[in-house]
Amino acid sequence: MTGVREEKKRRTRKAILQAAVQLFGDKGYERTSIAALARAAGVGKGTIYSYFRTKSEIFLAFCEDELDHVYAEVAEKTRADAPLTEQLMALFLGEFRYVTRHKDFGRLLLREMIFPKELTVERSKDLDNRYIDYLSAMCKGAQERGELRRDVDLLFVCGHFYALYLITVSAWYMDRLQTEADVAEALQLLLQQTMEGLLPAGKK
């Protein structure tokens, strides 16, 4: 019976998240009520609140699912000792595909991730820390393989790489990049420039 209950909870949570993606993207975050979410998910309002205290928490739940999905994809597509740029490309392109499946919702999601509301700041920090730990492990492996200097603060390195991802996604939302192939090409170039440096030859 426990297995049946857990499966029902999983399906209900998934239905709520799918309804949120659709409604937040179509109607906007502020104009979507909990009642509308409940109707779209086929559950009662009380059920929504038993899973999520606020609409902001739904964003965070989506982020958690995104991280689990993307980490699994990276593990499947790259080796742990693959070059750092290869691992970062797998990570960031996996994120890009996941976040932008519904373009309007993806825009709202990115805003919430960068500027979390007060009620979700602590949980946002938890997700940030989990993400930073994951990126740091990638970078530490690169240091051990001699791909990355050992005298750099990995927290700042992670921030730098993530900023490149955000710039690329922003360019896609602004239609400066039209396709996933454009995104991949731009991101690859930005990562390559970072790893090689921008100083002219002989100036290092």
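Biologist: At what angle do helix α4 and helix α6 pack, and how far apart are their axes?

Modeller: Keep in mind that this is a predicted model. Helix α4 (residues 55–77) and helix α6 (residues 103–114) pack at about 95 degrees, and their axes are 10 Å apart.

Biologist: What makes α4 and α6 roughly perpendicular?

Modeller: The label covers angles of 65 to 115 degrees. Theirs is about 95 degrees, so α4 and α6 count as roughly perpendicular to each other. On the α4 side the contact is made by Ser56, Phe59, Phe62, Cys63 and Glu66, and on the α6 side by Phe105, Leu108, Leu109, Glu112 and Met113. By class, that contact has seven nonpolar, one polar and two charged residues.

Biologist: Now α5 and α8. Why is α5 called oblique to α8?

Modeller: Helix α5 (residues 84–99) and helix α8 (residues 154–173) pack at about 40 degrees, with axes 11 Å apart. Roughly parallel needs an angle under 35 degrees, and roughly perpendicular starts at 65. The angle therefore makes α5 oblique to α8. The crossing of α5 past α8 is right-handed.

Biologist: Which residues of α5 and α8 make the contact?

Modeller: From α5 come Leu84, Leu88, Phe92, Glu95, Phe96 and Val99, and from α8 come Phe161, Tyr162, Tyr165, Val169 and Trp172. They divide into ten nonpolar, no polar and one charged.

Biologist: How do you know that Leu187 is buried?

Modeller: Buried means under 20% relative accessible area. Leu187 has 1%, so it's buried. Leu187 lies in helix α9 (residues 180–196). Leaving out residues up to four places away in sequence, Leu187 touches Met89, Phe92, Leu164, Tyr165 and Thr168.

Biologist: And Ser136, why does that one count as buried?

Modeller: The cut-off is under 20%, and Ser136 comes in at 17% relative accessibility, so it counts as buried. Ser136 sits in helix α7 (residues 121–144). Setting aside neighbours within four places in sequence, Ser136 is in contact with Leu154 and Cys158.

Biologist: Let's move on to charges. How many salt bridges does a search of the whole structure find?

Modeller: It finds 13.

Biologist: What makes Glu6 and Lys9 a salt bridge?

Modeller: A side-chain nitrogen of Lys or Arg has to be within 4 Å of a carboxyl oxygen of Asp or Glu. For Glu6 and Lys9 the N to O distance is 3.9 Å, and their side chains meet in a salt bridge. Glu6 and Lys9 are three residues apart in helix α1 (residues 2–27), so about one helical turn separates them.

Biologist: Why is Glu6 called partly exposed?

Modeller: Exposed is over 50%, and buried is under 20%. Glu6 has 44% relative accessibility, so it counts as partly exposed. Lys9, at 45%, counts as partly exposed too.

Biologist: What makes Glu180 and Arg97 a salt bridge?

Modeller: The limit is 4 Å again, and the closest N and O atoms of Glu180 and Arg97 are 2.8 Å apart. Glu180 lies in helix α9 and Arg97 in helix α5, so the pair ties together parts that are 83 residues apart in sequence. Glu180 is partly exposed at 34% relative accessibility, and Arg97 is partly exposed at 31%.

Biologist: Which residues are linked with Arg97 and Glu180 in a network of salt bridges?

Modeller: Glu73 and Lys77 are linked with them in that network.

Key:
Residues are numbered from 1 along each chain as its sequence is written. This is a predicted model: local features need pLDDT of at least 70, side-chain atom pairs count only at pLDDT 80 or more; totals for chains, interfaces and linings use all residues. Side-chain values use heavy atoms; hydrogens and water are left out. Axes are lines fitted to C-alpha atoms, for helices over the stretch in contact, and angles run from 0 to 180 degrees between N-to-C directions. Helices (H or I, at least four residues) and strands (E, at least two) are DSSP runs, numbered from the N terminus. Angles under 35 degrees count as roughly parallel, over 145 as roughly antiparallel, 65 to 115 as roughly perpendicular and the rest as oblique. A crossing is left-handed if the near helix is turned anticlockwise from the far one by less than a right angle, and right-handed if clockwise. Contact means heavy atoms within 4.5 Å. Ala, Val, Leu, Ile, Met, Phe, Trp, Tyr, Cys and Pro count as nonpolar, Asp, Glu, Lys and Arg as charged, and the others, Gly among them, as polar. Buried means under 20% relative accessible area, exposed over 50%, partly exposed in between (1.4 Å probe, protein chains only).
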